Amino acid sequence: MRIKFFIGVIAFGLFASASFADWPQFRGPTGSGLSDAKGLPVAWSEDKNVKWKTAIPGRGWSSPVIFGREIWMTTANPKGTELSVVCVERETGRILHDRKIFDVEAPQFAHEFNSYASPTPVIEAGRLYASWGSPGIACLDTKTAKALWERRDFICNHYRGAGSSVTIFENLLIHHFDGSDLQYVVALDKNTGKTIWRTERSVDFKDLGPDGKPDREGDWRKAFSTPRIFQIDGKPLLFSQGSKAFYGYEPRTGKELWRVESPTTHTTSTTPVFGNGLIYCCTGNTKGEVWAIRPGGKGVVTDTHIVWKYSRAPMRSSLLLVDGDNGTLPNATRPHSLENDLIFMVDEGGVATGLEAKTGKEIWRERVGGNYSAAPLFAEGRVYFFSEEGKATVIEASREFKVLATNQLGDGFMASAAVDGKALFLRSRTQLYRVEEK
């Protein structure tokens with residue numbers, strides 16, 4: 001029997017008072033990589049604890065989303081001229097749908113490290129909301145995989161490929177467009193696709209890099225982070241990471257409430273987390289740091305609302321906050337042995353770190369090896385790291401660094417893991433695996 005997970009998830013951007021045994025969006029029901037699952041595997045290989053694996057056509061780094069018996073992903077052909085969705089049956093691994101949604105006559109450039117199908121969709125009963133960035137957004141009927149509505153009119157040069165996933169809040173589908181040419185956030189009516197609001201990024205880009213030279217190609221204007229909804233003092237806040245600034249918006253109207261500027265950083269790709277009354281985020285590719293931000297205030301609050309900074313941050317793999325006083329885990333699964341809530345992270349070079357969430361103090365820093373883009377996962381007192389080479393390192397969620405298992409599988413993980421029941425669903429570069437103890 002799958003565990004039912006009840007939370008008032010208005011704070012996390014999906015549905016109020018919903019029951020979650022599924023994995024409906026990037027990083028799961030809370031959007032923060034936390035699972036209340038019991039009995040997930042610790043050790044596996046191609047010959048151990050793999051219930052099935054299915055070759056996924058095309059090329060895409062979007063993470064699997066799960067609702068009921070169905071697992072959905074986006075994909076694309078290598079040239080980006082065909083954008084598709086794939087649906088796999090949860091129990092058997094059989095492909096139920098493989099449907100092309102968009103043809104693209106002249107695709108934008110996407111760096112070989114990226115793919116043309118990197119944003120993760122969102123799923124709810126009967127509907128899948130899939131984005132490939134400016135080439136197209138579509139709402140699909142999950143019974144038929146046919147589009148109920150679509151939008152192809154958003155202008156944005158993603159420059160190295162799209163990366164921001166979509167988020168649902170109430171009746172809104174929220175999307176970042178942070179390109180080299182234009183930078184804005186939009187909210188669409190999820191039922192019709194109609195634009196409800198659009199807000200331009202307000203930071204002054206000045207068209208200059210930190211060296212004072214012109215930023216002719218737009219590296220200092222683009223970003224790839226996913227919007228998040230947090231419940232702050234009883235009110236929803238849309239926290240949105242762009243290039244050179246982090247924004248607090250009113251999610252129903254798009255009104256900018258405040259912003260924290262980070263003028264020497266850019267290309268934020270990681271997704272923020274919230275707990276202890278603080279928002280934890282990474283500043284980007286240049287001089288990347290972890291910042292703890294106290295939400296609130298008006299206007300530019302950079303000098304007053306940064307509580308602490310940590311000097312070494314991942315560029316691509318998101319943060320994991322364990323037991324962060326944010327209502328995301330039932331009491332029975334919270335690791336109360338931790339004297340302080342902890343942040344776990346792994347950088348692109350394979351160095352994992354544990355920090356005290358309230359102070360930013362480094363507890364440990366150890367090399368696990370490999371390269372990392374996928375976000376880490378927490379379940380049952382354990383942290384899972386998934387590398388681009390297919391290695392998965394499982395450690396204790398602890399103030400002491402302790403490796404529980406090192407596993408090798410597939411041809412590398414760019415997508416983040418999904419969880420349902422007692423199974424891990426892992427998308428490698430070419431396969432989808434169901435990993436479960438037999």
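Predicted model: local features only at pLDDT ≥ 70, side-chain atom pairs only at ≥ 80, totals over all residues.
Residues are numbered from 1 along each chain as its sequence is written, and side-chain values use heavy atoms, without hydrogens and water. Local features need pLDDT of at least 70 and side-chain atom pairs count only at pLDDT 80 or more, while totals for chains, interfaces and linings use all residues.

**View 1. The aromatic pair of Phe239 and Trp258.** The search of the whole structure finds 16 aromatic pairs (rings of Phe, Tyr and Trp, the latter by its six-membered ring, with centres within 6.5 Å; planes under 30 degrees apart are stacked, over 60 edge-to-face, the rest tilted). Phe239 belongs to strand E18 (residues 235–242) and Trp258 to strand E20 (residues 256–261), 19 residues apart; strands are DSSP runs of at least two residues, numbered from the N terminus. Both residues are buried (under 20% relative accessible area, 1.4 Å probe, protein chains only).

**View 2. The aromatic pair of Phe344 and Trp364.** This pair is tilted because the ring centres lie 6.1 Å apart with the planes at 40 degrees. The pair links strand E27 (residues 342–346), holding Phe344, to strand E29 (residues 362–367), holding Trp364. Phe344 is buried at 0% relative accessible area, and Trp364 is buried at 7%.

**View 3. Arginine over aromatic rings.** Arg198 lies over the face of Tyr184, at 3.5 Å from the ring centre; Arg429 lies over the face of Trp61, at 5.9 Å. The criterion requires NZ of Lys or CZ of Arg within 6 Å of the ring centre and within 35 degrees of the ring normal.

Notes:
Helix = DSSP H or I, 4+ residues; strand = E, 2+ residues; numbered from the N terminus. Buried < 20%, exposed > 50% of the residue type's maximum accessible area, 1.4 Å probe, protein only.
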